[in-house]
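Please open the model in your viewer, with the sequence panel beside it, and follow the stops below in order.

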Amino acid sequence: TNILSMYYHYHDSHQPSPVAVRPCGLAMAAPMSYYTPRLLPIASGSAINVIPVPLRRNDPSSPWCFAASLMPPIPLDDNGSDGYDSASSSPSSSTALLPPGSNFLATQVWPSSRIASTVVERHIDPSWTVCELGCGPGLPSLTAAKSGARRVIATDVDELALEMVRAAATEQGFMVKQNNENTEKLGEKRFVTKKFDLTCKDSLLPNADLYILSDVFESAAVANGAAWHVQSLLSENQERNKRDITRVWVFAQSDRAQRDCFLEKLRERDGDELGWTMDHTPDFEKDLWLFDLDETMVEYN
């Protein structure tokens, strides 16, 4: 409860007041303005309140994702009315809360995902297929697509988060089939989403050149599961040359207690010298890079 209260205070202090907007579809042009509340239709037939959140606020070409909003927009009807019934003082068309079973925290953009997105934007190899594990709203995945990655696979256990990623990818033009030399198969979609549970050891990871995890250590079970999957991925590098190794980039704030569980598991492979680093320029010769970050130093512009 205290964590949520702190987040609501921070979130509300960094967002504008609700404004009147029209409901959005899944294939509109880029948002007219960032941080403007909108209605996003979802598979259940209802709609949720979302805000387009960019990597850089003042850059109209910035990659962006949707984040669920606690501030409902005021829907406009076809006549330009604000949609309120003056007699009842309530919206004439209601907006839905998050669907049952959805994790609100999985619909938010956290500092780690911003750092991950910045690193991806600066250091991505266009020939790579990028897979994000526990993507949430998917800002790093969408940034990888914007930065020219050959293919992007965004995974999460939360279905609503994946819907939000697909909607943002569609609006930015990433959910299209490609027929070019950078695509492994003719007609293969460049951006896809996949449900994946990090705590399940029976789940098979999609093939990729780079795997990204940002702020996924919400419990010991997830941290241990993530460590198991990362160890499995990296064990395959023993039979590869340096050029073709699978890379894993992990981003976590220093106050995330469960990241220590993750680190201890990985030290079984890499030894006690393995640790988190504030050096955000990854060494391409290494298959694992653990990015430390101070959330107070994250840039939003």
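A residue is called buried under 20% relative accessible area and exposed over 50%, with partly exposed in between. Keep that scale in mind for K195, which, at 47% relative accessibility, counts as partly exposed. Please also remember throughout that this is a predicted model.

**The whole chain**

Begin with everything selected. The chain has six helices and 15 strands, and buried residues make up 48% of its 301 residues. If you consider the contacts between residues at least 6 apart in sequence, 63% of them join residues at least 24 apart.

Next, select residues 38-41, 47-54 and 64-68, which are β2, β3 and β4. These strands form an open sheet in the order β2-β3-β4, and their pairing is antiparallel. β2 and β4 stand at the edges with a single partner strand each, so one side of each is left without a neighbour in the sheet. Looking across this sheet, you will find neighbouring strands turned by 50° against each other on average, if direction is ignored.

Now look at the two pairings one at a time. β2 and β3 are joined in the antiparallel sense over four bridges, and here P41 stands opposite A47 of β3. β3 and β4 are likewise antiparallel, over five bridges, and here I51 has A67 in β4 as its bridge partner.

Stay with β4 and show its side chains.

Select R56, D59 and E121 together, and show their side chains. R56 and D59 meet in a salt bridge, at 3.0 Å from N to O. R56 also forms a salt bridge with E121, where the closest N and O atoms are 2.7 Å apart. This second pair links distant parts of the chain, since R56 belongs to the loop between β3 and β4 while E121 belongs to helix α2 (residues 111-123), 65 residues apart. With 21% relative accessibility R56 counts as partly exposed, and E121, at 29%, is also partly exposed.

**The sheet of six strands**

Move on to the parallel sheet, in which six strands form an open arrangement in the order β12-β9-β8-β13-β14-β15. The edges are taken by β12 and β15 (288-293), each with a single partner strand, so one side of each is left without a neighbour in the sheet. The twist here averages 15° from one strand to the next.

For a detail inside this sheet, select β8 (residues 129-133) and β13 (residues 210-214), which run parallel and are joined by four bridges. E132 stands opposite I212 in β13. Helix α2 packs on the sheet, touching β13, β14 (247-253) and β15, and its direction makes about 145° with that of β14. α2 is also the helix that holds E121, the partner of R56 from the previous stop.

**Helix α4 and strand β12**

Finally, select α4, which lies across β9 (151-156) and β12 and runs at about 175° to β12. Which salt bridge involves K195? The side chain of K195 meets that of E159, at 3.8 Å from N to O. K195 lies in strand β12 (residues 191-195) and E159 in helix α4 (residues 159-171), so this pair ties together parts that are 36 residues apart in sequence. E159 has 42% relative accessibility and counts as partly exposed, as does K195 at 47%.

For the chain, the count of salt bridges comes to 11.

Note on methods: Residues are numbered from 1 along each chain as its sequence is written. This is a predicted model: local features need pLDDT of at least 70, side-chain atom pairs count only at pLDDT 80 or more; totals for chains, interfaces and linings use all residues. Side-chain values use heavy atoms; hydrogens and water are left out. Buried means under 20% relative accessible area, exposed over 50%, partly exposed in between (1.4 Å probe, protein chains only). Helices (H or I, at least four residues) and strands (E, at least two) are DSSP runs, numbered from the N terminus. Two strands pair if DSSP finds at least two bridges between them. Axes are lines fitted to C-alpha atoms, for helices over the stretch in contact, and angles run from 0 to 180 degrees between N-to-C directions. Contact means heavy atoms within 4.5 Å. A salt bridge is a side-chain nitrogen of Lys or Arg within 4 Å of a carboxyl oxygen of Asp or Glu.
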